[in-house]
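Dear colleague,

Please find below the structure I promised to pass on, together with its sequence. My notes on what was found in it follow.

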Amino acid sequence: MNGKKQIQQAYASILDNDFEQAIRSFEQAIELEPDNPEYHYKLSITYARSGKLASALKHAQIACDLEPAHETYRYQLLQLQAMELVREAEKLADAGGRRRLKQAVRLLMEAILKDPLSLEAYLLLSAVYAELGYYRKSAESAQEALKLNPQHEAVLQHIERYRELFAPYMNKE
């Protein structure tokens, strides 16, 4: 027996915006075919959209373990790992203190290595650098975020907040 029927039910649930039911259907499909990496991957996406990062990571890892050469599964795992690192860095930054801020920088740099398209990582990195007084690095990180989305309101507000301190370091393109 395979899980195709459960996958179809999961998609129907997603179309109905019933992500909890979609999760249950994906889990049923996995019970029937535990070694199907595609099912784990799809469940990972649904968990991520539902804000359940730990579960999303678990199933992304399983998909990668089952099919290590699959680029899409690998990319999903790296994105989720980067999201987790950004969340950890946010906690450190919120706690404050120079030592924690420097730890946040390390986590954010790791997040960017895993997902170079993580606007959130660049924006938080810019904010942390600014808090540390590293305005050149802060401006560079803000510019990277701006490249990813030139209209992103939070990035534009951040740049405006530090406009005078960033001015010597911003590209005049």
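A crossing of two helices is called left-handed if the near helix is turned anticlockwise from the far one by less than a right angle. In this predicted model, helix H4 (residues 53-66) passes H5 in such a left-handed crossing. Their axes come within 9 Å and cross at roughly 150 degrees. Angles over 145 degrees count as roughly antiparallel, and H4 and H5 are therefore roughly antiparallel to each other. The residues of H4 that meet H5 include Leu 53, Leu 57, Ala 60 and Cys 64, and those they meet in H5 include Tyr 73, Leu 77, Leu 80 and Arg 87.

Beyond its neighbours within four places in sequence, Leu 108 is in contact with Val 86, Ala 89, Ala 121, Leu 124, Leu 125 and Val 128.

Finally, a note on H8. Its 14 residues should span 20 Å at 1.5 Å a residue, which agrees with the 20 Å between its end C-alpha atoms. Buried residues in H8 include Ser 138, Ala 142 and Gln 143. The buried residues of this helix pack against H7, H9 and helix H10 (163-166).

With kind regards

Conventions
Residues numbered from 1 in each chain as written. Predicted model: local features only at pLDDT ≥ 70, side-chain atom pairs only at ≥ 80, totals over all residues. Heavy atoms only, no water. Contact = heavy atoms within 4.5 Å. Helix = DSSP H or I, 4+ residues; strand = E, 2+ residues; numbered from the N terminus. Expected span 1.5 Å × (residues − 1). Buried < 20%, exposed > 50% of the residue type's maximum accessible area, 1.4 Å probe, protein only. Axes fitted to C-alpha atoms, helices over the stretch in contact; angles between N-to-C directions. Parallel < 35°, antiparallel > 145°, perpendicular 65-115°, else oblique.
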